[in-house]
Amino acid sequence: MEYKALEIEKKWQARWDETKAFEPLEDFTKPKKYILSMFPYPSGRIHMGHVRNYTISDAIARYYRKQGFNVLHPIGWDSFGMPAENAAIKHKVHPKKWTYENIDAMRDELNSLGLSFSKTREFATSDALYTKHEQNIFIKMYEKGLVYRKSALLNWCESCQTVLANEQVEDGKCWRCSTVVEQREMQGYYLKITQYAEELLEDLKTLEGRWPAQVLTMQENWIGKSEGLEFSFELSAKSKELLGGAFDSYKVFTTRPDTIFGVTYSALAPNHPIVNELLKRGLLSEESANVIKNMQRQSAKERQSNEKEGLDLGISVIHPLTKEEIPVWVANFVLLEYGGGAVMAVPAHDERDYEFAQKYALPIVQTIKSNGDETALPFTEQGVLVNSGNFSGLASAAAKKEIIDYFEKNGIGKRTINYKLRDWGISRQRYWGAPIPIVLCPKCGAVAENEENLPVTLPDDAQITGEGNPLDKHPSWKFTKCPKCGGDAQRETDTMDTFVQSSWYFLRYTTPRDLWEDVPFDEKSVKYWMSVDQYIGGIEHAILHLLYSRFFTKSLRDLGFIEGIDEPFANLLTQGMVLKDGAKMSKSKGNVVDPDSIIKRYGADTARLFILFAAPVQKELEWNDSAVEGAFKFIKRVCDRSDNITPCQSLPAIEQATLSKEEKYARRKVYEALKKSEESYKNSSYSFNTLIAASMEAFNALSAQENRAVWTEGYFILLNILEPIIPHIASEMSEKYFAGKNLAAKLEINENVFESETMVLAVTVNGKRRAEFEISVSASEEEIIATGKAAAAKWIEGLNLKKEIYVNKKLVNLVAV
């Protein structure tokens, strides 16, 4: 059979479209599989990362369809976001036009790969209907207190007139225009994810063994649960007076109350309210003020990675137990987001505090010693308390409890559980996003929009200049009436963080299109399809996207939108990146491989085969042009040798005992590949590389024999195995030779082919492997040992044999001197 890749692929893609071959059934009595890859941002062109991600999910979806499952395998578009606005500024094209043209182009590219996506479930998150339901969910959350509005310090670029996320601040400057970023207090909307911190942490246990351990650890660390003591440092009388009575004290949190007698200074975050008050009152020198302002401009990530830096603020606090005055510093390593932005510093027992104290010659007082004679500082382990008043001599564990008890008994502190997790700020001062459905009324305050007015859509005539928020500058869009009192009011001009859209899209897919107008997702459909059986995406989404999706699922459950679903993704696979010349593909490095060019030259099946064969799916994949050529040649060889097939519609009957050694070996290799296929899917390892290697070995074994029945059986099975990987050519050949019956058949492992009349045994001499031999499985032990001695004759010549040991079906061990 001649391999005409493009012709064959065009034919089958058209047929699949005509027959709606990949649409999920509304038969909820069938066993189901929901297979989902993280949906793409419509940047304009697909890249090899897309090819890998969607080929993996497609192979899984195709396998389970053949196994009789009702499969949901959808695709959509994560279509809001900054790149569309940047394109609007650069190319003078409206974000909406740019986005939907890109979607059309990328859809065609993905279709050319023969991906078995449902076409009826496709949507873009910028669709007005999606926005309508998202805004309704937002309002329900707002009414239940899961959304609130507050003022907070944010990264502000004066030139761009917009708030920047921490990751958009580079070296204290705006990533787009390089203007120095300042901290500005602004109103914003927050989702109360902290309300679910404990459940988000506890439910990670239910995902063990089904999510990568690395991802679970990353989520656990991000939530960051810690138990300890919360107390207040009271400002000294002089410090209170200096601050004009604006502050009396501030709270700190510690997980090591056993070290409290070792506190020699306290440190505040650069944006702590007390630091801002000192700046406002001009109580610091110009040089000191400039140092602090520079710290404030840096992102939290930058401050954590930079060298420890700080300043003495000229104020002090009173130690709650010793009553001594302790100096207060500002330090770049202290974060406002954790523990209130203030720490008790114990340099003798904390590496970070020790490094800071050494740099600035601050006192270091040891209060914990090890059980040994010498205790090198900083000593961060638990031990025995010294220099700790009445608590000296206690072990750390006991001291923690007794010190917290003392604080609680005397009303100066309390036992507290703390989390690193912060509430999720979703306000963005951008145009291309879902509008926040809140009306700001001078009389009623922040009021949720009426449901009948949803969706609140974006104005098409907004001017996208890159300066300021286009919605705020629009001449009419923001002016409206208050839903509560009917008076003049203004719409909220912030739009939602795009992570909001990707936090519930998987629920939307479960619902047939004819219900989309009325509901965000159908209750019965969600109950049947959820949770997602296999979720696939990059490790870069291990924290935020997955955490936000888990939070949304739990909050929607509690709001009554869904029932009985605690986790959105039952199993998670994080695929590795595609590299070229050892680096991630990027235009700037000139190492991008265009999927279109590969498909046009070799066909989609070659691209799919290479991408699944080149490396285990969880590992990075290095692009290799010669390996792509090799994948093409393999498919061509499969076609070339197909003339040996006898057309049929079921497996041919073969008498194993009558076969030659080569014919038996070929059958065994075919069924080994079938066994490898079943194992790969059923244990969720998706070892496509070893499955393909096993199939190639089987084809080689088939080629070494001439029995047409064995050839026919081999192709009947191997085309079934390879259909999820190279679906076009597998479908074409299956139709030609087997009327497609091999793809519909439920293939069973034939254990008879693994029974061998001979076995290969090793011979070891004094523990070293020296030879091997083949012998009948019915041979006696005496015959086996004699044959083994003959095989290793040159190694035992002239030696005195002391022991001759036969290890059943494994080896003959000879001990000689």
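Which residues form one aromatic cluster? They are Phe39, Phe123, Tyr130, Trp504, Tyr505, Phe506, Tyr509, Trp516, Phe521, Tyr535, Phe561 and Phe569. The model is predicted. The protein has 817 residues, and 54% of them count as buried.

**Overall build**

- The secondary structure comes to 27 helices and 32 strands.
- Along the principal axes, the C-alpha atoms fill a box of roughly 100 × 80 × 50 Å.
- Take the contacts between residues at least 6 apart in sequence: 72% of them join residues at least 24 apart.
- The protein exposes about 36,400 Å². Carbon and sulfur atoms supply 48% of that area.

**Helix α1**

- Helix α1 covers residues 5-19 and has 15 residues. At 1.5 Å a residue it should span 21 Å, and its end C-alpha atoms are 21 Å apart, which agrees.
- Its buried residues are Ala5, Ile8, Glu9, Trp12, Gln13 and Trp16. These residues lie on the same side of α1, because they cover an arc of only 125° around the axis.
- The spacing follows a general rule. An α-helix has 3.6 residues a turn, so residues three or four places apart point the same way.
- The other side of α1 carries exposed residues: Glu7, Lys10 and Glu18.
- The cover over the buried residues of α1 includes α2, α4, α18, α19 (604-613) and α24 (727-738).
- Just after α1 comes Lys20, which takes a positive phi of about 50°.

**Helix α4**

- Helix α4 runs over residues 95-111, with 17 residues. From first C-alpha to last it reaches 24 Å, close to the 24 Å expected at 1.5 Å a residue.
- Which residues of α4 are buried? They are Pro95, Trp98, Thr99, Asn102, Ile103, Met106, Glu109 and Leu110. Their arc around the axis is only 135°, so they sit on the same side of α4.

**Aromatic pairs**

- A search of the whole structure finds 52 aromatic pairs.
- Phe333 and Phe356 form an edge-to-face pair. Their centres are 5.4 Å apart, with 80° between the planes.
- This pair links distant parts of the chain, 23 residues apart. Phe333 is in the loop between β12 (325-331) and β13 (342-345), while Phe356 is in helix α12 (residues 351-359).
- Buried means under 20% relative accessible area. Phe333 has 5%, so Phe333 is buried. Phe356 also counts as buried, at 0%.
- Phe391 and Tyr406 form another edge-to-face pair, at 6.1 Å centre to centre and 85° between the planes.
- Phe391 lies in the loop between β15 (384-385) and α13 (396-409), and Tyr406 lies in helix α13, so the pair ties together parts 15 residues apart in sequence.
- Tyr406 is partly exposed, at 37%.

**Charges over rings**

- Lys33 lies over the face of Tyr64, at 4.8 Å from the ring centre.
- Lys675 lies over the face of Phe754, at 4.4 Å from the ring centre.

**Two loop residues**

- Where is Ile543 found? It is in the loop between β24 (534-538) and α17 (544-558).
- Ile543 and Asn221 are 322 residues apart along the chain, yet their C-alpha atoms are separated by 9.6 Å.
- Leaving aside neighbours within four places in sequence, Ile543 is in contact with Met218, Gln219 and Trp222.
- Asn271 is in the loop between β10 (265-268) and α9 (273-280). Asn271 is buried, with a relative accessible area of 6%.
- Not counting residues up to four places away in sequence, Asn271 touches Leu153, Gln183, Asn276, Gln296, Arg303 and Leu336.

Conventions: Residues numbered from 1 in each chain as written. Predicted model: local features only at pLDDT ≥ 70, side-chain atom pairs only at ≥ 80, totals over all residues. Heavy atoms only, no water. Helix = DSSP H or I, 4+ residues; strand = E, 2+ residues; numbered from the N terminus. Expected span 1.5 Å × (residues − 1). Buried < 20%, exposed > 50% of the residue type's maximum accessible area, 1.4 Å probe, protein only. Arc of directions from axis to C-beta. Phe/Tyr/Trp six-rings, centres within 6.5 Å; stacked < 30°, edge-to-face > 60°. Lys NZ or Arg CZ within 6 Å of the ring centre and 35° of its normal. Contact = heavy atoms within 4.5 Å. Areas by Shrake-Rupley, 256 points an atom, 1.4 Å probe, with all protein chains shown as cover.
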